[in-house]
Amino acid sequence: MQTFWQDVRYGLRMLGKNPAFTAIAILTLALGIGANTAIFSLVDQMLLRRLPVKHPDQLVVLRSPGLKEGHVWSDGDDAQSFSYPIYKGLRENTSVVSGMLARFAFNASISSHGQTERGLGELVSGNYFDVLGVRPAFGRLLTPEDDRVQGGHPLAVLSYAYWQQHFGGDPGVLNQALLVNNTELTIVGVAQKGFDGIQLGQIADVFVPIMMKGQMTPNRNGLDDWNDAWVAILARRKPGVSSAQLEAGLTVTYRPLLEQQLATNKSWDQKKRQEFLAKKVLVVPGAVGRPTLQNDSGPALMALFALVALVLLIACTNVANLLLAQGASRQREFAIRSALGASRGRMVRQLLIESLLCALGGGALGLVFGLWLMNLLTPEVASAGVSGLSSRLDGTIWAFAAGATLLCGILFGGIPAWRVTRTSVTQTLKEQGSTGSVAMSHVRFRKFLVAGQVAFTLLLLAGSCLFTKTLWNLRKTDLGLNTSNVITFSISPALSGYDNARSIALIDSMRERLAALPGVRAVGTSELATLTGRNAGVNITAEGGPQTPDNADVLVDFISPAYFSTLGVPLIDGRDFTAADSASGNKVVIINETMARHYFPNRNPLGLHLAFGGGKVTPDRQIVGVIKDNRQDHVRSEMSSYVFLPYAQNKTITGMSFYVRTQQDPLLIADEMRGAVRNLDPNMPVYDLKTFDRVVDEDLLAERLIAAMSAGFGLLAGLLAALGIYGVLSYLVIQRTREIGIRIALGAATREVRALIVKEVGFMVIAGAAVGLPAAYAFARLSESLLFGVHANNIGIYLLALTVITVIAAVACLVPVRRATRVDPIIALRYE
Amino acid sequence: MTESNGILIKMEGVKKVFYTDEVETHALSEIHLEILKGQYISIAGPSGCGKSTLLSILGLLDSPTDGNYWLNGQPVSKLTISERTRIRNREIGFIFQAFNLIGDLTVYENVELPLTYRGTGAAERKQKVQHALERVGMAHRLRHYPSQLSGGQQQRVAVARALVGDPLILMADEPTGNLDSKNGEAVMELLRDLHRNGATICMVTHDERYAHFAERNIHLFDGRIVDETREVGASA
């Protein structure tokens, strides 16, 4: 132990003796460790973090892919949605799980202390908390007793965070009334601290018995409807039951339930019925809860993590290179130590302690940099709706940073330590005093390291080129609508107790008020907020159109007159909706070009009819207009068949998004817009108020994030590669000064000396490219799902990356080349 | 000044002053020197007398501060770096005390180096390298690296490298300084053989034994030529 501290003291002295080396090494490592820590914090929170429940590994999420019948509510994976009767049937008849819960997230208009706010609620089965093993922080949680009568359990359990935030942790909250979606609920308890639901990005404020579905989503009850799939199911597997056994057991129970559901459908032919009955129940791990966000953002985050890991690798390579240079100049010291009886292990330990001390400095500074980066990234990610992210340094992040630091210390310190202490004592002592040919093995190894660095940098540069090009392509994509000078916001009248007729009247009035504001050019509305990823599908029957199951699905939205003109979507045939298209008016629709092409090929769809639903329905909705295709749900989504209906003909309006086109900066009228809504209903929460450009930005969050980060990492890697190349070449020139002197004495011209050094750079770049380019291609292939308008086989991207690294190498070798050509042969050859 | 006089090197009033900070060091003063073709000349003197500086200027590795220098009838004291490089490559062969072979190149590649810089074709290079190595008795070590050779052998290779381009003059700077007496003698015999075959040699040495291998011995002291003796029967 005493020798250990001696080594530590000596290591600190050595680091202090070379402040430039120490500063560069610590800074390099700090950049690598910091960037990794920040990205890891996102990976941890968004992909890895387990639910704070009992034995999360035992949880599974149920899926049933295949044919669906009726209405399906989905937030990304249709297969995860089940009807409530199916859930009940599975829960009551299966023996392979120890518990099975149902859950549905809903938008909640929550009024407390006279203030109404928009929040998020979870409708949960009575066994929800029991199955998860969540305890109350205060009061009680919901139980199966609260799961008996539809509409008969007006109870609420608050999340701990909501309780703290809105009630200041007041214990007197128990038995108080809370108005949620215009229904008075009694608060019975607060859930355990840290537990806020089972889906990342959906932080529940309040948990309500699932029997209150009809009250919480006023237009759709669904508790008895076999053909309304809205429930997400999580189950806790019994110990010892494998996934295969679980799926087999659940599927056995599922089949009779499917038969019961099928009994409600008379229109399907035999083939479809067989296909429907063949559906199975599959399970996916549920330790992280419902993996919706994980599935959506996983590939992008993992790509980012791979890129940032490369940055750390490059940083380590750089520091290893620096250490080798330093080590070479300390070979005599180690030869003397060895001559005095130090074992190789002892010397390796000495060097490792020095590198670990250096890594420790890098890790500490890296944490500061990482925290700064986390503070920068987290709000960006959160702004796109991923709530619940934190930029705090928790235990996991500390552990990661510590692990990365330790790994770095061993990685960049171990190999140089091993190599530096390898040389024989006599040879080293002899070489130091002689003028014999210089041992170049260290230089060769350093060149190899730099070649590796070039390979990693190429990979990073190619990756950042691909992602930047993807973002560029998306920015340049013709959305089919004009996003500038438009501001948008949403309301949910149904959640504030409005019935359908009052909702329509409110929206009509709001349109008028908004249109009358100074500077407003047009106002439009749609039920589904445009470009936010929301869509609703429906089966249709088109007059004289194809009727195969594959093409009978279209997307549908309810809109106002002037919706298209407000958003700059051209009407290419027919007319827009008007005030005459009211609830009592003719049933009319507007379709897009894709739908016209698909359902009415070689025909003019104007005046033709369609109906919602399959089977024996009579098409009764007349097509009155055709609009040019536009991106409706995502910037990068394919054009789909769309049917638009007048919102006045919607019988179940829940919410509405408004779009206001202005003459000036739209944010200037934001307060007046809020005021217009307040004048009509002071308690109506306005949410998601933002410019439409911001909506597009949020839709491109993943692409923006990955492009910006990969470009930043590429830049960093380029800088580190330049440092690496410069360091090795400078060292090489010093090592080869005598050789260069000999060559100059023998008649080597400046260009030949220059070629000597450039050849070295060329080798490093070519060797790096030989590894880096195939690796970049492989990375691009793996990331193809993240790309848009650019493919892995785009040669231009690799050529660009190669050009950039070549320029970096060229710049990095300028000074060493200059030094080499200025070697004075007299000095170089002087014999001492 | 023409070649026909048989004068290969002529120096008139050559001076060399080194300036370091505010100190002027006069390394050479008023050097007047003529070397005829085929002569074997040694420059001797105590350490720091300016021997190596003189050899550097003679070998166009350095330029005089003042004075004139003609090599083979051509004034060379004011040449550009590239012109001096070219002359060095084609007309001067160097032999160093520390051999100065390049450790990462084989014997063959080391000897080939001056021809490479001259742009000589591969076949001619091969023939000349082979010939040069045969002259110094090292043709059997073509593929060896310097570290695999003894000091004497390394210096033979260095001599072959100096000879390979058929230079007008060989400049040898303490060629035996790093060798034991046996190997030192052998190298000196080699130089004597070369001289007998017509080579012009200018050698710097502080070893009196080897200075007498040359036919002219110039003695330097404090940067000036203080004495010149001629050996009767030297190199014969």
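Beyond its neighbours within four places in sequence, B:Leu58 is in contact with B:Ile9, B:Met171 and B:Cys202. The model described here is predicted. B:Leu58 lies in helix H1 of chain B, which spans residues 51–58. There are 25 C-beta neighbours inside 10 Å of B:Leu58, so this residue counts as buried. The cut-off for a buried residue is 20 or more such neighbours. B:Lys15 is 43 residues away from B:Leu58 in sequence, and the two C-alpha atoms are 12 Å apart in space.

Chain B also holds an open sheet of six strands. The strand order is S6-S7-S8-S3-S9-S10, and the pairing is mixed. Strand S6 (92–95) and strand S10 (224–230) of chain B form the edges. Each of these two strands pairs on one side only. On average, neighbouring strands of the sheet are turned by 20° against each other, direction ignored. Helix H5 of chain B, residues 151–163, packs on this sheet. Helix H5 touches S6 and strand S7 (169–173) of chain B. The direction of H5 makes about 170° with that of S6(B).

Strand S3 (residues 40–44) and strand S9 (residues 216–221) of chain B pair in the parallel sense. Four bridges join this pair. B:Ser42 stands opposite B:Asn217 in S9(B).

Chain B also meets chain A. In this interface, 22 residues of chain B are in contact with 18 residues of chain A. On the side of chain B that touches chain A, helix H2 (81–91) and helix H3 (107–118) of chain B each supply at least two residues. By class, the residues on that side of chain B are ten nonpolar, eight polar and four charged.

In chain A, helix H20 (residues 701–735) crosses helix H22 (residues 750–782). Their axes come within 11 Å, and the crossing angle is roughly 140°. H20(A) and H22(A) are therefore oblique to each other. Their crossing is right-handed. H20(A) contributes A:Ile725, A:Leu729, A:Leu732 and A:Val733 to the contact. From H22(A) come A:Ile757, A:Glu760, A:Val761 and A:Met764. The contact of H20(A) with H22(A) has seven nonpolar residues, no polar residues and one charged residue.

Notes:
Residues are numbered from 1 along each chain as its sequence is written. Chains are lettered from A and ligands numbered from 1 in the order in which they are written. This is a predicted model: local features need pLDDT of at least 70, side-chain atom pairs count only at pLDDT 80 or more; totals for chains, interfaces and linings use all residues. Axes are lines fitted to C-alpha atoms, for helices over the stretch in contact, and angles run from 0 to 180 degrees between N-to-C directions. Angles under 35 degrees count as roughly parallel, over 145 as roughly antiparallel, 65 to 115 as roughly perpendicular and the rest as oblique. A crossing is left-handed if the near helix is turned anticlockwise from the far one by less than a right angle, and right-handed if clockwise. Two residues are in contact if their C-beta atoms, placed from the backbone, lie within 7 Å. Ala, Val, Leu, Ile, Met, Phe, Trp, Tyr, Cys and Pro count as nonpolar, Asp, Glu, Lys and Arg as charged, and the others, Gly among them, as polar. A residue is buried if 20 or more other C-beta atoms lie within 10 Å of its own, exposed if 12 or fewer, and partly exposed in between; C-beta atoms are placed from the backbone. Two strands pair if DSSP finds at least two bridges between them.
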